[in-house]
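Thank you for making the time this morning.

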Amino acid sequence: MAKTIIYELQNILNEAKLLGDQNRIINFIEEEYQIPVRLRYGEVSIPETELAYKDELVNLFQTLEYILNQVKLNESDILTIIKNLSLENTEEIIDLYTKKKILFTTINGKTVYPKTLNQVAYIKAMENNDIVFGIGPAGTGKTYLAVLYAMQALKMGRISKVVLVRPVVEAGEKLGFLPGDLKEKIDPYLIPLYDGITDAIGSENQEKYVNKKIIEIAPLAYMRGRTLENAIIILDEAQNATKMQMKMFLTRLGFNSKMIVTGDVTQIDLPRKSDSGLIDAYYRLQKIKGVKFIEFESKDVMRHPILFEIIKRYEEDNEN
């Protein structure tokens with residue numbers, strides 16, 4: 001099959017980066033566009049029968065090279081750009097990586113910044129609204145970014161407390177029958193939330209903050225009757241909250257507080273999916289000033305590339 005050269009790399013040193021370990025990146029490009037793509041000796045070529053994809057692929061390689069010539073990208077970053085780039089959003093994608101809007105610098109000096117346009121919208125929503133829902137598949141950063149946003153607000157003195165909440169329906173039993181005190185009972189269900197806190201302040205400070213009640217851990221059922229002021233309250237795995245629990249949680253909001261609700265409606269563990277408070281809230285609370293819904297997609301996933309395809313397959317089931 002005759003091939004046509006559509007692009008020549010500006011920097012031959014970028015070839016190895018764009019091929020990826022074991023050709024993972026160039027293979028991923030082929031899967032995304034569903035055509036053969038060859039990168040060899042600095043030249044990108046495709047079959048003559050597939051020239052309809054020329055403009056998009058030229059734009060892709062130009063954009064990747066432009067960013068690579070300015071900043072260091074890991075394989076996950078490159079795959080994320082491939083999934084999200086279009087002819088219409090090229091400048092916005094370039095700005096994400098070359099004009100980083102840093103959300104937080106971790107205790108180890110790592111800068112955390114949004115890497116997809118939905119992540120940008122999510123952070124903006126947290127800044128400008130009282131209640132934000134981040135809905136989408138695992139690996140999109142919705143929980144991690146929420147925790148770091150809360151820790152940054154705490155660091156800046158805008159709030160005095162961070163409250164981490166999660167339903168424990170996965171336990172299949174009452175908390176009272178689980179061994180240990182409340183923290184020990186709920187801890188296994190809060191590991192994803194703790195990851196962000198540990199990155200932000202370290203494990204030792206995390207323990208100090210918990211002991212001083214600056215960071216508070218609470219199962220959803222224990223939130224009844226409280227009003228939380230000067231705090232950011234994060235409800236994770238909200239798809240497993242019932243409609244009544246969601247109403248109870250949202251009505252705990254006090255002055256100078258924000259709520260961030262995260263969940264994945266494809267992973268409901270309730271006996272009946274129709275009982276999910278997250279689904280109910282999505283339809284019930286639209287167009288309320290101060291309430292914002294951000295929907296993440298498989299293209300926002302920042303984990304192993306095989307997860308992109310797995311999530312797509314499950315999304316297809318939900319659509320059907």
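The largest pocket has a volume of about 850 Å³, where a volume is the space filled by probe spheres set on grid points joined across faces, edges and corners. A pocket here is an open set of points on a 1 Å grid over the protein atoms alone, where a 1.4 Å probe fits, with protein on both sides within 12 Å along at least five of seven lines, and lining residues have an atom within 4 Å of a point.

Please keep in mind that this is a predicted model, in which local features need pLDDT of at least 70 and side-chain atom pairs count only at pLDDT 80 or more, while totals for chains, interfaces and linings use all residues. Residues are numbered from 1 along each chain as its sequence is written, and side-chain values use heavy atoms, leaving out hydrogens and water.

The pocket is lined by 32 residues, and Gly139, Thr140, Gly141, Tyr144 and Met302 lie nearest its centre. Domain 1 (3-99) and domain 2 (104-299) each provide at least three residues of this lining, the bounds coming from an automatic or database domain assignment.

Let me turn to the single residue. Ser257 counts as buried because its relative accessibility is 5%, buried meaning under 20% relative accessible area with a 1.4 Å probe and protein chains only. A polar atom of the Ser257 side chain lies 2.8 Å from the backbone oxygen of Leu228, and the Ser257 side chain also reaches the backbone nitrogen of Ala231 at 3.0 Å.

Technical notes: Buried means under 20% relative accessible area, exposed over 50%, partly exposed in between (1.4 Å probe, protein chains only). A polar contact is a pair of N or O atoms within 3.5 Å; within protein, one must be able to donate a hydrogen and the other to accept it, and residues adjacent in sequence count only if both atoms are side-chain atoms.
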